[in-house]
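Keep the viewer open while you read.

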Amino acid sequence: MLSPEQRETLLEILQNRFEKNRQRHQGIEWTDVKFRLEADAGKLWSLGEMERTGGEPDVISRDSQTGEYIFCDCSTESPKGRRSLCYDREALESRKENKPENNAVEMAASMGIELLTEAQYRELQQLGDFDTKTSSWVQTPANIRKLGGALFCDRRYDTVFVYHNGAESYYAARGFRGFLKV
């Protein structure tokens, strides 16, 4: 958990980002978001992990059914502290040599967040130009993963692309973006 000082610092960072990027969350008030954050130390810790690894989390919408605020990594490029990862544990264990330190699926779970789906990634891209020099793993359908593949997305030529790669691959410019409902 976060110390009281860490908590206050994080809330200040989140508020400043929220106010600076109002176009991402029109109709949402910071006081309402802050109330939810202060009521859930675990979710605040997860946002702290998103921030610590370079994700620059911000509110991008609100779930119309649950009322939860949806935070997403809004760093311009894939978060620096979450790159050079293969897709999941199975992929990591399949590598015979030059194994990366971790994998995207388990790292996200350890942070208390989820990888974006392809649809969520495309929605995020409506709010700005993200991953113009990097790429991000996204949740991969079971039928693709069963065959050894995994999906990633990026933005090039003012277009969002979805690609495939072997799940065991990893690159210095590929990480993952996550989301969290609060």
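Is S135 buried or exposed? S135 counts as buried, at 7% relative accessibility. Before going further, bear in mind that this is a predicted model.

**Around S135**

S135 sits in strand β4, which covers residues 135-138. Setting aside residues up to four places away in sequence, S135 touches S78, F152, C153, D154, A173, R174 and G175. One of those partners, C153, comes back in the cysteine section.

**The cysteines**

If you're wondering about disulfides, the structure holds zero of them. Take C72: its closest cysteine sulfur belongs to C74 and lies 5.2 Å away, too far for a bond, given that a disulfide needs the two sulfur atoms within 2.5 Å. C72 is also buried, with a relative accessible area of 0%. C153 is in no disulfide either, and the nearest cysteine sulfur to it, that of C72, is 12 Å away. Like S135, which counts as buried, C153 counts as buried, in its case at 0% relative accessibility.

Now for the helices. Helix α1 runs over residues 4-20 and helix α3 over residues 41-52; they pack at an angle of about 70°, with axes 11 Å apart. That angle makes α1 roughly perpendicular to α3. The way α1 passes α3 is a left-handed crossing. On the α1 side, the residues involved are R7, L10, L11, I13, L14 and R17, and they meet A41, L44, L47, G48 and E51 in α3. Sorted by class, this contact has seven nonpolar, one polar and three charged residues.

What about helix α2, residues 30-38? The axes of α1 and α2 come within 11 Å and cross at roughly 150°. So α1 is roughly antiparallel to α2. The crossing of these two helices is right-handed. Here R7, L11, L14, Q15 and F18 in α1 meet W30, V33, K34, L37 and E38 in α2. By class, the contact of α1 with α2 has six nonpolar, one polar and three charged residues.

If you put the two lists next to each other, R7, L11 and L14 of α1 turn up in the contact with α3 and again in the contact with α2.

Which loop holds Y87? Y87 is found in the one between β2 (69-73) and α4 (89-94). Leaving out neighbours within four places in sequence, Y87 is in contact with N103, A104, V105, L115, W137, V138, Q139, T140, R145, A150 and A167.

**V162 on strand β6**

V162 belongs to strand β6, residues 159-166. This valine is partly exposed, with a relative accessible area of 32%. V162 and E118 are 44 residues apart along the chain, and their C-alpha atoms are separated by 7.6 Å. E118 is also among the contacts of V162 once neighbours within four places in sequence are left aside; the others are R122, L151, F152 and C153. That brings back F152 and C153, both of which also touch S135.

Last stop: the loop between β5 (149-156) and β6, where Y157 is found. D158 has its place in the loop between β5 and β6 as well. Phi of Y157 is near 55°, a positive value in a residue other than glycine. D158 is not a glycine either, yet its phi is positive, at about 60°. As for surface exposure, Y157 is exposed, with a relative accessible area of 77%, and D158 is exposed too, with 60%.

Here are the single residues again, for checking against your viewer.

| Residue | Relative accessible area | Class |
|---|---|---|
| C72 | 0% | buried |
| S135 | 7% | buried |
| C153 | 0% | buried |
| Y157 | 77% | exposed |
| D158 | 60% | exposed |
| V162 | 32% | partly exposed |

Methods
Residues numbered from 1 in each chain as written. Predicted model: local features only at pLDDT ≥ 70, side-chain atom pairs only at ≥ 80, totals over all residues. Heavy atoms only, no water. Axes fitted to C-alpha atoms, helices over the stretch in contact; angles between N-to-C directions. Helix = DSSP H or I, 4+ residues; strand = E, 2+ residues; numbered from the N terminus. Parallel < 35°, antiparallel > 145°, perpendicular 65-115°, else oblique. Left-handed = near helix turned anticlockwise from the far one by under 90°. Contact = heavy atoms within 4.5 Å. Nonpolar A, V, L, I, M, F, W, Y, C, P; charged D, E, K, R; others polar. Buried < 20%, exposed > 50% of the residue type's maximum accessible area, 1.4 Å probe, protein only.
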